[in-house]
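Here is a short note on the charged side chains and how they pair. Please read it with the model open.

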Amino acid sequence: LHHSGRPRPGEAGVVLLIVDEREGGGASHHLKSLCDALGREGARYETRVLRTGLGDYQLVCADGPPAARERVLPRLIERKSAVDVAASLKDGRWGRQKRAMQATNAAHFDGRARLEYILEGEIGDEIHSCPRCQATAAADPSGRGVGGCTLSGWPSLGEVEEALGGLAADGFVVTRTSSRAGTARYLAAEQRKAQQAHPVAMAAA
């Protein structure tokens, strides 16, 4: 469990950024570096296991002890690097994750939640090139594989661009960042912005 800025006793209305413990590959991969970056940006956050349909990040408005409680704000955020997009198209997670977030929005927020994808990095940086697939791509640059060779099941550049282009029509906001540090900077800014809309109060002594 990683956290910074949990509600103190008597503090009410603290906006926390909740980070899925599996984000960035979990504790054995990039979760700690992401949390360190959030801490450097001054974000108040906590890691937990988020259930399917809640995305990688959510915002909650929390009260500290003794009357500890929290309310989920209508914001669901999924982060994908360029190669994550390709991998999720390859194994079918892309459609399942979108539908799960849409279902959560309908069931818990009456369709009012902001659904968002953070796209980290450039798709062009993950273009695959190998002798086996270069011939296919020669006639059509959009046929080049992203993340791996199209002959091994990886999506083409055209398929990735089509999937990303369809997000807005499916009700998702798209935010682009250049790196993990850029993602942390954006999330910290969004946490502070939400906090401004829900000012922290202190219980009367």
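Which side chains meet in a salt bridge at 2.8 Å, N to O? They are those of Arg75 and Glu116. The points below start from this pair.

1. This is a predicted model, in which local features need pLDDT of at least 70, side-chain atom pairs count only at pLDDT 80 or more, and totals for chains, interfaces and linings use all residues. Residues are numbered from 1 along each chain as its sequence is written, and side-chain values use heavy atoms, with hydrogens and water left out.

2. A salt bridge here is a side-chain nitrogen of Lys or Arg within 4 Å of a carboxyl oxygen of Asp or Glu. The structure holds 18 of these salt bridges.

3. The salt bridge between Arg75 and Glu116 links distant parts of the chain, 41 residues apart: Arg75 lies in strand S6 (residues 69-81) and Glu116 in strand S7 (residues 114-120). Strands (E, at least two residues) and helices (H or I, at least four) are DSSP runs, numbered from the N terminus.

4. Arg75 and Glu116 are both buried. Buried means under 20% relative accessible area, exposed over 50%, and partly exposed in between (1.4 Å probe, protein chains only).

5. Arg75 and Glu116 also belong to a network of salt bridges that includes Arg114, Glu190 and Lys193.

6. Asp170 and Lys98 form a salt bridge, with their closest N and O atoms 2.6 Å apart. Asp170 sits in the loop between helix H5 (157-165) and strand S8 (172-177), and Lys98 in helix H3 (residues 93-109), 72 residues apart. Asp170 is partly exposed at 32% relative accessibility, whereas Lys98 is buried at 13%.
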